[in-house]
Amino acid sequence: MEKQKADKLIVKYSQKIFGFAMKKAFSYDEAEELSGEMLKEVYLSFLKACEIVNVEGYVWRICEHVYAKYVNQIKFRQGTSIDGEALDGETFTHFDEYDFGQTEAALLRLRKEIGFLSSSRRQIVYSFYYEGKSIAQISEEQGLPQGTVKWHLNKARNDLKEGINMKRQIGRLGLSPIKAVNFSHNGRPGANGGPDFYLSDKINLNIVYSVYDEAKTQEEIAEDLGMTPVFLEDKINYLLENGFLVETKGKRYTTYVRFSPEEESMEAWDRTLLAQTKAAEVLVEKYVPEVLKALKNVKNVYIPDGNRELFEAAALFIAINRKCKLSVDRDLSRYLIKTLDGGEYIVSIDIPSKISDPKYKPLLANKKSYNGCGEMTRESVKYPGLYSWAFNSRLDNRKGSWQNNLLSDYETVYEIMTGAISDNKSNTEKFARMKERNFVDKEGNVNIMVVKGTFDDFLAKLPSPDKKMLDEFASFALEQAAVQAKAYPPQMQDLVFAEYVRDFIGNRVSMMVQDKLYESGTFQVLTEKEKVTANLLMFADCLPE
């Protein structure tokens with residue numbers, strides 16, 4: 001055949017040949033390779049042939065020959081391609097005797113896509129193709145009609161082709177997973193501790209974060225993390241059972257765990273600190289004198305080394321946190337994460353963040369740390385009335401955060417106070433622990449402050465602030481809370497709004513008030529021994545001798 005005529009024919013049949021290859025192949029890349037082989041063979045045959053009576057039949061015979069050769073020589077693995085077969089008089093699709101591609105990478109793609117099938121469909125595919133079980137066996141094991149099993153196999157074929165053709169991309173968290181800088185909780189930890197027990201695992205943490213901005217299905221979570229759903233199923237169920245994930249409509253998941261923003265403004269942070277500094281100044285001027293006056297009537301207090309200012313500072317902290325705290329009418333019950341180990345708490349996680357306004361020169365931000373662990377309270381069942389209050393920060397020298405603030409420590413102090421135990425061999429561990437925490441000094445004296453009576457009675461003696469003063473604080477807090485909340489996902493905005501208002505007058509302002517009193521000389525600078533019990537009070541029915 002003349003080359004000019006062969007060229008025209010090959011152009012005429014090129015699209016049809018590619019369509020034929022697409023029907024036989026499993027992936028686009030394979031179809032291109034297969035059609036290329038077919039076009040080459042057809043074109044060479046055109047050039048060699050003298051006369052062709054039935055051109056179309058001639059072309060398809062060559063294509064079928066090329067395909068058969070391709071199958072025999074290249075596709076050698078069982079259980080990795082999909083085609084059709086008649087079974088029990090019905091046509092359904094299944095894995096054929098050959099691979100859909102040449103490379104191990106192609107095999108891995110198919111296996112990965114099998115992992116994206118639903119749990120029930122994946123089990124049926126695995127049973128049929130990998131374990132070689134019959135339709136009847138699978139039907140009996142799964143408790144499904146045989147027709148339903150066949151339907152699942154047909155659907156699996158379509159799902160797998162669709163998944164491979166879409167060329168899944170690894171999501172942002174798969175390429176750059178987030179890390180937790182700090183875990184915190186507000187509420188009661190469980191037997192296993194706080195939220196870090198569940199979310200220190202990087203995969204668990206990123207599963208929860210993947211649904212933070214937008215609810216996602218299990219498959220969408222898997223794509224975001226660059227993993228298969230089959231690998232994540234158990235982890236997702238674990239997080240769901242323990243409250244870190246919440247199922248919504250359409251088998252989607254969201255979370256009520258609060259994450260810090262990925263971008264933060266130094267100017268906005270400074271604005272809040274400046275407003276809180278002004279609030280602290282107002283409190284020092286108008287509220288602190290009232291509290292100090294009321295404390296003169298609290299006589300039964302044990303203070304190591306007798307520095308009553310140490311007690312007054314702790315009492316002021318409690319008064320500001322409990323009496324001056326602003327409130328907002330928002331139902332936050334949905335934010336309580338209830339774990340299977342008995343935990344019930346609101347969870348906040350700090351992640352690395354970028355500064356959105358790096359050229360801004362802060363007036364107050366980063367000048368001092370106002371971070372703290374608390375307020376922490378412990379109440380004894382063993383010794384009714386025994387109660388402790390503590391706030392750990394840079395103002396004390398206690399170590400170990402809330403995990404090291406054990407109820408058993410205060411029970412041991414009480415037993416030492418009452419003479420129930422003495423420093424002998426049977427109590428070696430208890431006394432060693434007390435000396436390690438410096439709750440008992442070298443001479444065996446109790447080294448923490450103790451108030452005789454109950455915490456509730458003590459709280460009742462502290463005065464309430466002027467309502468007009470609180471209203472002034474609230475006007476700024478409510479305005480800024482609305483601004484802050486907009487930077488968070490919709491499901492988190494009620495929590496952010498309520499916590500901003502509630503915490504506007506709280507731990508940070510309490511520390512600012514103490515700073516002002518120490519810096520002005522109203523209170524003496526604390527010694528290292530006094531820092532053991534700074535902002536720590538124990539309440540009991542008796543005092544140390």
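Q: What is the strand order in the open sheet of five strands?
A: This is a predicted model. In it, the order is 8-14-15-13-12, and the pairing is mixed.

Q: Which strands stand at the edges?
A: Strand 8 (301-302) and strand 12. Each has a single partner strand, so one side of each is left without a neighbour in the sheet.

Q: How do strand 14 and strand 15 run, parallel or antiparallel?
A: Parallel, with four bridges joining them. Met 449 stands opposite Leu 537 of strand 15. Val 450 has Met 538 in strand 15 as its bridge partner.

Q: And strand 8 with strand 14, parallel or antiparallel?
A: Antiparallel, joined by two bridges. Val 301 has its bridge partner, Val 451, in strand 14.

Q: Now the other side of the order. How many bridges does strand 13 make with strand 15?
A: Four, in the antiparallel sense. Tyr 387 stands opposite Phe 539 in strand 15.

Q: How many join strand 12 to strand 13?
A: Five, and those two strands run antiparallel. Arg 378 faces Ser 388 of strand 13 across the pairing.

Q: Why is strand 13 largely enclosed by the rest of the structure?
A: Six of its six residues are buried, so the rest of the structure largely encloses it. Buried here means under 20% relative accessible area.

Q: Which residues sit on which side of strand 13?
A: Tyr 387, Trp 389 and Phe 391 are on one side. Ser 388, Ala 390 and Asn 392 are on the other. Both faces are covered. As background, side chains in a regular strand alternate between the two faces of the sheet.

Q: What does helix 16 touch when it packs on the sheet?
A: Strand 12, strand 13, strand 14 and strand 15. The direction of helix 16 makes about 55° with that of strand 15. Its buried residues also pack against helix 17 (428-436), as well as strand 12 (373-379), strand 13 (387-392), strand 14 (449-452) and strand 15.

Q: How many of the twelve residues in helix 16 are buried?
A: Nine, so the helix is mostly covered. Among them are Tyr 410, Val 413, Ile 416 and Met 417.

Q: What does helix 16 reach from its first C-alpha to its last?
A: 17 Å, for residues 407-418. That is close to the 16 Å expected at 1.5 Å a residue.

Q: What follows helix 16?
A: Gly 419, with a positive phi near 80°.

Q: Switching to charges. How many salt bridges does a search of the whole structure find?
A: It finds 25. In general, side chains of opposite charge can pair when their charged atoms come close.

Q: Start with Arg 502. Which residue does it form a salt bridge with?
A: Asp 503, with the closest N and O atoms 2.9 Å apart. Salt bridges that share partners join Arg 258, Glu 499, Arg 502 and Asp 503 into one network.

Q: What is the relative accessibility of that pair, Arg 502 and Asp 503?
A: Arg 502 has a relative accessible area of 25%, so it is partly exposed. Asp 503 is at 33%, and counts as partly exposed.

Q: Which residue does Glu 247 meet in a salt bridge?
A: Lys 251, at 3.8 Å, N to O. Glu 247 is partly exposed at 39%. Lys 251 is at 55%, so it counts as exposed.

Q: And Glu 141, which side chain does it meet?
A: Lys 133, at 3.1 Å, N to O. Glu 141 is partly exposed, with 46% relative accessibility.

Q: Last topic, confidence. What is the mean pLDDT of the protein?
A: It is 85, and 86% of the residues reach 70 or more.

Q: Where is confidence lowest, and where highest?
A: Lowest in strand 1 (residues 82-87), at a mean of 34. Highest in strand 15 (residues 536-540), at 98.

Q: Over which residues does pLDDT stay under 50?
A: Residues 75-103. The model has 92 contacts beyond four places in sequence for them. Where pLDDT is low, the predicted coordinates should not be read in detail.

Methods:
Residues numbered from 1 in each chain as written. Heavy atoms only, no water. pLDDT = per-residue confidence, 0-100. Contact = heavy atoms within 4.5 Å. Expected span 1.5 Å × (residues − 1). Buried < 20%, exposed > 50% of the residue type's maximum accessible area, 1.4 Å probe, protein only. Pairing = 2+ DSSP bridges. Salt bridge = Lys/Arg side-chain N within 4 Å of Asp/Glu carboxyl O. Axes fitted to C-alpha atoms, helices over the stretch in contact; angles between N-to-C directions.
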